[in-house]
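Please look at the sequence and the structure first.

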Amino acid sequence: MDNPSIITQVTNPKEEEILSCAQDKVSQCNISLKKQRSRSIFSTLFCCFRDYNVEPPSTNSTSALPPLVEENGGLQKPISNADFIVPVEIDGTIHQVYVLKRPHVDEFLQRMGELFECVLFTASLAKYADPVADLLDRWGVFRARLFRESCVFHRGNYVKDLSRLGRELSKVIIVDNSPASYIFHPENAVPVQSWFDDMTDTELLDLIPFFEGLSKEEEVYSMLHKLCNSSFKRKLWGGHSYQKCYS
């Protein structure tokens with residue numbers, strides 16, 4: 001390949017030993033990962049989990065706060081029952097980022113870390129997404145973190161181009177709530193519903209058995225097609241057409 005993998009460009013220093021191999025040595029690197037953590041040949045899971053909000057600046061603040069938005073969606077509103085709060089400096093003013101965790105995200109992350117090479121890929125800015133990830137990922141599941149600068153701006157949206165990751169696409173999936181984020185590779189996507197504050201939500205928990213099965217496969221496409229045509233998919237996505245996956 002002509003360009004280096006964007007994963008190796010932004011690798012978490014703690015994982016440098018694992019992800020320091022160049023693109024032309026991806027297969028050897030995957031073998032090393034498999035030996036270290038007993039992973040299947042299907043090695044990479046890209047996900048983004050966030051529901052965070054920035055409190056509005058005080059009335060005496062001279063700095064306007066840029067609106068905090070969903071990755072490719074609408075504005076977020078402040079929340080009162082945050083799991084943790086992260087101070088972020090924006091234009092010289094400290095603002096509080098309120099983070100509410102989706103139910104079962106801890107169990108999901110821990111299990112995915114046991115099964116796959118996991119990378120956080122978000123269209124959010126690193127200045128608040130990175131400290132949020134520090135608090136969210138207490139187990140070091142994310143082998144690397146990719147932020148807005150790693151996305152491709154395409155028709156008004158930040159797209160996560162999986163072809164730039166230095167991994168074999170037939171072994172890569174992206175878990176995302178925004179079809180615009182994976183418009184270049186919809187066949188690699190596991191769509192999830194957007195989540196805000198429903199504490200009875202079980203979608204991440206329900207997906208764990210599916211990913212456990214997928215970790216045993218040689219490639220992702222056949223099982224993803226089965227998922228999108230299954231009753232399990234209809235349960236997760238409320239009976240929507242598979243066009244939701246490929247829109």
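## Contacts and fold

Among contacts (heavy atoms within 4.5 Å) between residues at least 6 apart in sequence, 67% join residues at least 24 apart. The chain has 9 helices and 10 strands; these are DSSP runs numbered from the N terminus, with helices being H or I of at least four residues and strands being E of at least two.

The model is predicted, so local features need pLDDT of at least 70 and side-chain atom pairs count only at pLDDT 80 or more, while totals for chains, interfaces and linings use all residues. Residues are numbered from 1 along each chain as its sequence is written, and side-chain values use heavy atoms, leaving out hydrogens and water.

## Burial and cysteines

Of the 247 residues in the chain, 50% are buried. Buried means under 20% relative accessible area, exposed over 50%, and partly exposed in between (1.4 Å probe, protein chains only).

There are 0 disulfides (pairs of cysteine sulfur atoms within 2.5 Å) in the structure. C118 counts as buried because its relative accessibility is 1%, and C151 is also buried, at 10%.

## Aromatic rings

The structure holds 4 aromatic pairs. Rings of Phe, Tyr and Trp (its six-membered ring) pair if their centres lie within 6.5 Å; planes under 30 degrees apart count as stacked, over 60 as edge-to-face and the rest as tilted.

F108 and F211 form an edge-to-face pair, because their planes are at 75°, with ring centres 5.8 Å apart. This pair links distant parts of the chain, with F108 in helix α4 (residues 105–115) and F211 in helix α6 (residues 203–214), 103 residues apart. Both F108 and F211 are buried. Ring pairs join F108, F116, F210 and F211 into a cluster.
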